[in-house]
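Here is a short briefing for a first look at this structure. Keep the sequence and the 3D view open while reading.

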Amino acid sequence: MARKPYSSWLAAILALSLILAGCQRSETGKEAAQREKVASPSAASSGIGGEITFISNRPDLVENGFYNRYVDQFKKKYPAVTDVHVTSLNDYATDIRVKILSNHYGDVLILPLDMDKSNLGDYFEPLDDLGLGENLYFNDNNAYEGKTYGITIGVSAVGIIYNKKAFKTAGITSVPTNREQFYAACEKLKQAGITPVHLSFSSGWTLTNWGGSMSPILTGDESRLQYMTGTDRPFREDAEIGKAYGVIRTIVQKGYAESDLFGDTWEQSKSEIAKGNEAMYYLGNWAIAQVLEKTDTGVKSEDIGFMPLPVSETGTPNAYLNPDYSLGVNKNSPNKAAAKAWIKFLIEESDMADQLGYIPTLKTRESSIPQIKEFLSYHPKMLSAVKTDELFSRISSAAEIQLDDSSLIREIALSSDIEAEYAKLNDKWQKARREVIGKDR
């Protein structure tokens, strides 16, 4: 997501000045005592001891005691650590701003998403001395001028969640590995009376994966859509964006999606996937747990698989990875050693990523989740985002065309005359392009 300049981030909370004034109070006796304990050399042998406070963005995990086991394990590893206080904020995005600006933001916390990278060093401690470095996914996401200030809690992959029993019923003996096999599997499922792919077509958030983002999945090239800045007529069926939209268009036009395209079927679909009445989702691995929660259907973990979307044109599957929130250390923490050790423990030794349904952030760690193991066994090329430049953004904005917009994706998927649809888009793109870069380009 785009990050706002930190000056804007600061300006956004000036209206909270009264609250901030209240926060700029003297430390309470409890807080002062805590600082004294943290500063005490109670773990001189290891250099790691005292107390730290970890501020989470997940009140549910704090309330259900999720972190208690990790605190116990951490204290066992470092006996001089007297406690890890785990707290949370209900409105994390807003409340953590107040805490940071009042310098009451604990020792370890979740990095704000809207902080500009150039400001990270003003508030957070570099984590490069943890020795994890290039073995981390998204190591450069929270880095500036060669220093890393945040480490993601875990990583999600986007792929095909599928019911193995549905595949067996349809006579599919092996998972598809290319686009032709994928469409052939969809046809077999349809003939067996099983909905091949549940799109949740009416839910805009589920369609974004099927838009312009599909181009790198087809090609393995995150920058492939940049070609659009060099032409007045980028929308064609044989061009990259046309091929990208062609996947969902084929699914809809051939009747491989749910029959009720405009009903609110998301919640129902989880049970239908679990039962095998519907066969596939194209979603993040987070949805696996939601399918397996439908225990009233009799679904078992071994019934559900996870694989990269098999539409690659390169012979190698391609898949998006998305980072979760990142952990950071307060630059002003009086106990940076213990704070860093807590992050290193969670990433390197704990099973937190597995328990939260993530791919471990540390590339050398193996997931214990069967579906993620299966996904990684296909050795997909890992992609992080569609990459386009400022010129692309300016043209797209002027044309009022957002390639992953759900309304646009629906129109293209349902269109009975795709050439006419693309002609309208090309006209808008051409006009915008000439406004932005001139008629001679």
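In strand β9, Tyr 281 is the bridge partner of Ile 161. Helices (H or I, at least four residues) and strands (E, at least two) are DSSP runs, numbered from the N terminus. The model is predicted: local features need pLDDT of at least 70, side-chain atom pairs count only at pLDDT 80 or more, and totals for chains, interfaces and linings use all residues. Residues are numbered from 1 along each chain as its sequence is written, and side-chain values use heavy atoms, with hydrogens and water left out.

**Strand β7 and its partners**

- Strand β7 covers residues 155-163, and nine of its nine residues are buried. Buried means under 20% relative accessible area, exposed over 50%, and partly exposed in between (1.4 Å probe, protein chains only).
- β7 pairs with β9 (residues 278-284) in the antiparallel sense, over five bridges. Two strands pair if DSSP finds at least two bridges between them.
- β7 also pairs with β10 (residues 304-307), antiparallel, over four bridges. Here Ile 160 stands opposite Met 307.
- With β11 (residues 318-323), β7 forms three bridges, again in the antiparallel sense. Val 155 stands opposite Pro 323 there.

**Asn 163**

- Asn 163 is found in strand β7. It counts as buried because its relative accessibility is 1%.
- A polar atom of the Asn 163 side chain lies 3.0 Å from the backbone nitrogen of Ala 166. A polar contact is a pair of N or O atoms within 3.5 Å; within protein, one must be able to donate a hydrogen and the other to accept it, and residues adjacent in sequence count only if both atoms are side-chain atoms.
- The side chain of Asn 163 also reaches the backbone oxygen of Ile 273, at 2.8 Å.
- Not counting residues up to four places away in sequence, Asn 163 touches residues including Lys 275, Gly 276, Glu 278 and Asp 303. Contact means heavy atoms within 4.5 Å.

**Helix α13**

- Helix α13 spans residues 266-275; seven of its ten residues are buried, so the helix is largely enclosed by the rest of the structure.
- Among the buried residues are Trp 266, Lys 270, Glu 272 and Ile 273.
- Their cover includes β7, α10 (204-207), β9 and α14 (286-292).
- Just after α13, Gly 276 takes a positive phi of about 95°.

**Helix α5**

- In helix α5 (residues 68-77), the buried residues are Tyr 70, Val 71 and Phe 74.
- Seen down the axis of α5, these fall within an arc of 100°, so they line one face of the helix. The arc is that of the directions from the helix axis to the C-beta atoms.
- Asp 72 and Lys 76 are exposed, on the face turned away from the buried side of α5.
- The buried residues of α5 pack against β2 (81-88), α15 (336-348) and α16 (352-355).

**Nonpolar cores**

- The largest nonpolar core has 59 residues, of which Leu 199, Trp 210, Met 214, Phe 235 and Met 280 touch the most other members. A nonpolar core is a set of buried Ala, Val, Leu, Ile, Met, Phe, Trp, Tyr and Cys residues joined through side-chain atoms within 4.5 Å.
- A second, separate core holds 48 residues, including Ile 48, Leu 89, Leu 120 and Phe 345.
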